[in-house]
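Here are my notes on the model you sent.

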Amino acid sequence: MSNTFGTMPAHSPPLGSAPRLAVVVGSGSVKCAAALGMWRVLQREGIAVDLLVGCSGGAIFAAGLALGHSADEVQALAERFFTRDATSKRDRGALWKAAFPKLLGFSERWGLRDERPVLRNLRAAFGERTFADAKTRLLCAATDFHTGEQVVMSDGSIVDAVRASIAIPFAFPPWPLGGRLLVDGFLSDPLPIGVAVKEGAHVIIGMGFESPYQSHVRSAGRFAFQVSSILTNNLLRASFAFHGMAHHGEVVPIIPRFEQRVGLFDTAKIPYVVEEGMRATEEQVPYLRRLLAPQPVAPPPA
């Protein structure tokens with residue numbers, strides 16, 4: 001497991017070789033299923049991906065694809081994972097610990113949701129597999145709870161890495177890993193393009209999503225999600241603005257347009273989300289082909 005804080009310039013590929021392609025799937029819960037539509041288009045067009053980077057909900061999809069599962073298999077996994085039964089079961093003791101921290105022993109590993117259903121689903125999906133089992137190189141991003149630094153996970157258990165990356169504050173407890181306490185990757189960067197830049201990727205597809213705002217804020221949970229959406233959306237816009245200037249045309253934003261409202265755990269909308277991911281990717285295929293065309297070999301000096 002290594003740290004990433006900030007970005008480094010990308011390295012150009014050797015003359016005569018095709019540029020390396022990285023796909024970055026940002027935070028977005030169910031909306032991250034759009035990555036499956038993107039994956040189908042890239043496979044259909046024969047465009048190979050060298051690196052997958054996942055953050056928050058995007059880590060689930062990136063991990064499934066990196067391990068060699070088909071888009072259909074990962075879609076079935078997501079439909080099981082994002083159910084309300086798996087993500088909304090309350091930890092009945094959490095509120096009492098918040099109200100009486102000294103009496104009941106409040107700790108940093110605190111969250112309002114019971115994490116056991118989520119862990120069961122992750123273990124059912126990924127089992128004992130590690131980053132070494134990935135068919136396509138995989139990186140997952142989380143955030144250090146104590147320092148706020150981005151933490152990039154590249155080895156060890158896939159379950160541990162994804163669980164850390166999806167540790168939504170207030171909802172799920174932070175996850176201890178590698179001597180650190182980790183929370184959701186969106187807190188440091190909801191679309192970690194900088195991770196792919198640092199890895200030397202020449203062409204980077206960044207699939208990002210704006211978080212939905214709450215139409216009615218009538219509970220502490222909805223209040224927390226509203227604050228989270230404001231933070232995430234502002235960070236997302238700042239990330240695109242920065243990398244668009246620093247990395248020029250080699251960052252290809254693919255932002256699906258959802259005319260229908262898609263909730264955080266709206267699994268019924270996954271087929272629609274996948275379709276919009278395909279549509280948004282197809283629009284960028286001609287540009288991707290130009291970027292990925294082999295560079296001309298320079299003639300030897302006279």
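1. Surface. Accessible areas here come from the Shrake-Rupley method with a 1.4 Å probe. By that method the protein chain exposes about 14300 Å². Carbon and sulfur atoms supply 56% of this area. Keep in mind that this is a predicted model.

2. Overall build. The protein chain has eleven helices and nine strands. It contains 302 residues, and 50% of them count as buried. Take the contacts between residues at least 6 apart in sequence: 76% of these join residues at least 24 apart.

3. Cysteines. How many disulfides does a search of the whole structure find? The count is zero. A disulfide is a covalent bond between the sulfur atoms of two cysteines. The cut-off applied is 2.5 Å between the two sulfur atoms. For C55, the closest cysteine sulfur is that of C32, at 8.3 Å, so the pair is too far apart for a bond. C140 is in no disulfide either. Its nearest cysteine sulfur belongs to C55 and is 9.3 Å away.

4. Cysteine burial. Are C55 and C140 buried or exposed? C55 is buried, at 0% relative accessibility. C140 is buried too, with a relative accessible area of 1%.

5. Main core. In soluble globular proteins, nonpolar side chains tend to be buried together. Here the largest nonpolar core holds 69 residues. Which of them touch the most other members? They are L52, F61, F126, L138, M153 and V162. Helix α11, residues 270-292, gives this core its largest share, eight residues.

6. Around F61. Leave aside residues up to four places away in sequence. F61 then touches S29, C32, A33, L36, V74, A78 and F82.

7. Two serines to check. S29, a contact of F61, has a phi near 55°, a positive value in a residue other than glycine. S29 sits in the loop between β2 (21-25) and α1 (34-44). It counts as buried, at 11% relative accessibility. S56 also has a positive phi, near 55°. Its place is the loop between β3 (51-55) and α2 (57-66). S56 is buried, with a relative accessible area of 8%.

Key: Residues numbered from 1 in each chain as written. Predicted model: local features only at pLDDT ≥ 70, side-chain atom pairs only at ≥ 80, totals over all residues. Heavy atoms only, no water. Helix = DSSP H or I, 4+ residues; strand = E, 2+ residues; numbered from the N terminus. Buried < 20%, exposed > 50% of the residue type's maximum accessible area, 1.4 Å probe, protein only. Contact = heavy atoms within 4.5 Å. Core = buried A, V, L, I, M, F, W, Y, C linked by side-chain atoms within 4.5 Å.
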